[in-house]
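Work through the exercises below with the sequence and the model in view, and try each task before reading its solution.

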Amino acid sequence: MTPAEVHELFSRLRELNPHPTTELEYSTPFELLVAVALSAQATDVGVNRATRRLFPVANTPQAILALGEEGLKRYINTIGLYNAKAANIIATCRILLEKHGGEVPRDRAALEALPGVGRKTANVVLNTAFGEPTIAVDTHIFRVANRTGLAPGKDVREVEEGLLRVVPPEFLQDAHHWLILHGRYTCKARRPECPRCPIRDLCRYEHKTLALPGD
């Protein structure tokens, strides 16, 4: 995809959604960190359902530590892998209090040192909570980047580095959200909705669908 095509692609996505954001519900960097930690192999809808119960009761490291691991599990037991996630969140709360004054650090290395926090989660927090121009490559972004020819790569790190090279600076802050939403609702895994895709003419995908069910 040429630089002009990449610019056009993001111009169209921006026109359709000028102010994209995460579909996870949060009001502080700590709430976002917890929500993203819970979202691994879970839907945003499922996470929001759990955090709507959890956050009014406990939305700080101190409050979640006070719940304890078993207490936390009662709020998140509808989410996959909740046992491991509860253990990681409790351990994370302890580290935040001991090393960061109870605040979420605005630093990649410090974030990735937290239990259960990998590069993707760190990128989401840095981008969404702190406004850093990072791109967290999840399954949707990986698919869109490869399908369209925007930034092909064999693994998520290669795709991330490719996107950071090709996305124009003016779009970097929001590129993460535009690509996720495009992958979630249009460029779907099993049956991409190519006929109604706003960037279809720019896309390099060889197997575009010609019609949608019912059309």
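**Exercise 1.** Describe how helix 1 and helix 10 pack.

Helix 1 (residues 3-16) and helix 10 (residues 169-185) pack with their axes 10 Å apart and at an angle of about 70°. Helices here are DSSP runs (H or I, at least four residues), numbered from the N terminus, and axes are lines fitted to C-alpha atoms over the stretch in contact, with angles from 0 to 180 degrees between N-to-C directions. Helix 1 is therefore roughly perpendicular to helix 10, a term for angles of 65 to 115 degrees. The contact (heavy atoms within 4.5 Å) involves, among others, F10 and L13 of helix 1 and F171 and W178 of helix 10.

This is a predicted model, in which local features need pLDDT of at least 70 and side-chain atom pairs count only at pLDDT 80 or more, while totals for chains, interfaces and linings use all residues. Residues are numbered from 1 along each chain as its sequence is written, and side-chain values use heavy atoms, with hydrogens and water left out.

**Exercise 2.** Classify the ring pairs that F10 forms with F171 and with W178.

Rings of Phe, Tyr and Trp (its six-membered ring) pair if their centres lie within 6.5 Å, and planes under 30 degrees apart count as stacked, over 60 as edge-to-face and the rest as tilted. The ring centres of F10 and F171 are 5.7 Å apart with planes at 25°, so this pair is stacked. F10 and W178, at 6.3 Å centre to centre and 50° between the planes, form a tilted pair. F10, F171 and W178 form one aromatic cluster.

Key
Helix = DSSP H or I, 4+ residues; strand = E, 2+ residues; numbered from the N terminus. Parallel < 35°, antiparallel > 145°, perpendicular 65-115°, else oblique.
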